[in-house]
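This briefing is meant for a reader who is meeting the structure for the first time. Please look over the sequence and the model before reading the notes.

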Amino acid sequence: MTVPSPPEGAPGVPATPFDALPSPLDAVPELRAAARWMIAAFGAVGAALIGAGPLVAVGKVHGLGDALVAGAALLLALSGVALAVWQVSRVLEPPVTTTATLADPAVRGLRELIDAAPSDFFGSAATGVDDLLRHRTVAANIQRAITAEPDPHRRELLGRHLARARANVARTDPYVRWLLAMTHVWQIRAALHTARRWCLLGVMLVTTGAVGFLTVTGK
């Protein structure tokens with residue numbers, strides 16, 4: 001049975017500077033809603049490209065050369081739609097977020113923001129992201145040392161060190177939970193920004209293909 005964690009701010013649980021603010025995870029539905037809107041918009045463009053209008057225009061194409069140009073132009077436009085939809089759909093994939101994710105280039109901006117003014121984010125609990133996470137590493141290392149230590153006196157000494165390390169972990173856990181939530185949102189935000197750049201390329205491909213198709217069919 002899993003025992004639920006006590007709420008932040010309860011006795012024995014340190015409050016963080018963000019207790020009065022909404023959770024960073026509240027932004028996830030809004031980011032994904034924007035992605036769905038973008039997919040719907042490009043889907044409508046794709047439907048228009050393969051709708052009745054282009055099929056009627058194909059009847060105005062005469063000659064193998066014009067037919068090949070018209071087909072290539074239409075394929076280019078549809079490729080732009082497919083590229084945009086595929087890239088934006090990646091925003092809807094839930095990312096896996098752990099402390100190791102903080103080394104990902106996609107969240108480098110978040111780390112730089114926090115490490116530039118750690119006291120604004122962690123108060124006196126840590127001097128940066130690495131300092132905040134080191135207590136977990138220390139506790140894990142001591143636990144492994146206890147398991148491998150045959151000397152009972154040294155095991156007792158290591159046990160006292162482990163108790164202090166676990167106290168530090170408990171003290172910093174609210175900040176770590178906030179940091180992981182923010183990292184999760186930052187990953188989705190980065191994916192959406194990347195998708196927007198791909199959408200710009202998709203728009204250029206659609207425009208080029210549509211102009212080429214209309215030029216051939218309008219002769």
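The structure is a predicted model, and the protein in it has seven helices and zero strands. Read from the N terminus on, its elements run α-α-α-α-α-α-α. Of the 219 residues in the protein, 34% are buried.

**Salt bridges**

- A search of the whole structure finds five salt bridges, among them the pair formed by the side chains of Arg111 and Asp130, which meet at 2.9 Å, N to O.
- This pair links distant parts of the chain, with Arg111 in helix H4 (residues 108-116) and Asp130 in helix H6 (residues 129-148), 19 residues apart.
- Asp130 counts as exposed because its relative accessible area is 51%, and the cut-off for that class is over 50%.
- Asp131 forms a salt bridge with Arg134, and the closest N and O atoms of this pair are 2.5 Å apart.
- Because Asp131 and Arg134 are three residues apart in helix H6, they are separated by about one helical turn.
- The two partners fall into separate classes of accessibility: Asp131 counts as buried because its relative accessibility is 18%, with the limit for buried set at under 20%, whereas Arg134, at 43%, counts as partly exposed.
- Another salt bridge joins Arg154 to Glu149, the closest N and O atoms being 3.3 Å apart.
- In that pair, Glu149 is buried, with a relative accessible area of 16%, while Arg154 counts as partly exposed at 44% relative accessibility.
- As a general point, side chains of opposite charge can pair when their charged atoms come close.

**Surface of the protein**

- Trp198, Leu200, Leu201 and Met204 form a nonpolar patch on the surface, and together these residues have about 390 Å² of accessible area.
- Leu200, one of the residues of this patch, is found in helix H7, which covers residues 152-217.
- With a relative accessibility of 56%, Leu200 counts as exposed, since the class begins at over 50%.
- Arg197 is also found in helix H7, and at 57% relative accessibility Arg197 counts as exposed.
- Although Arg197 and Gln87 are 110 residues apart in sequence, their C-alpha atoms are 9.5 Å apart in space.

**The largest pocket**

- The largest pocket has a volume of about 270 Å³, and its lining is made up of 13 residues.
- Among the lining residues, Arg90, Val91, Gln187, Ala190 and Ala191 lie nearest the centre of the pocket.
- Helix H7 contributes six residues to the lining of the largest pocket, which is the largest share.

**Points to look for in the model**

- Is Glu149 buried or exposed? Glu149 is buried, because its relative accessible area is 16%.

Technical notes. Residues numbered from 1 in each chain as written. Predicted model: local features only at pLDDT ≥ 70, side-chain atom pairs only at ≥ 80, totals over all residues. Heavy atoms only, no water. Patch = residues over 30% accessible without salt bridge, like charges linked within 9 Å, V, L, I, M, F, W, Y side chains within 5 Å. Areas by Shrake-Rupley, 256 points an atom, 1.4 Å probe, with all protein chains shown as cover. Salt bridge = Lys/Arg side-chain N within 4 Å of Asp/Glu carboxyl O. Helix = DSSP H or I, 4+ residues; strand = E, 2+ residues; numbered from the N terminus. Buried < 20%, exposed > 50% of the residue type's maximum accessible area, 1.4 Å probe, protein only. 1 Å grid on protein atoms, 1.4 Å probe; cavity = no way out; pocket = protein on both sides within 12 Å on 5 of 7 lines; lining within 4 Å. Points joined across faces, edges and corners; volume = space filled by probe spheres on them.
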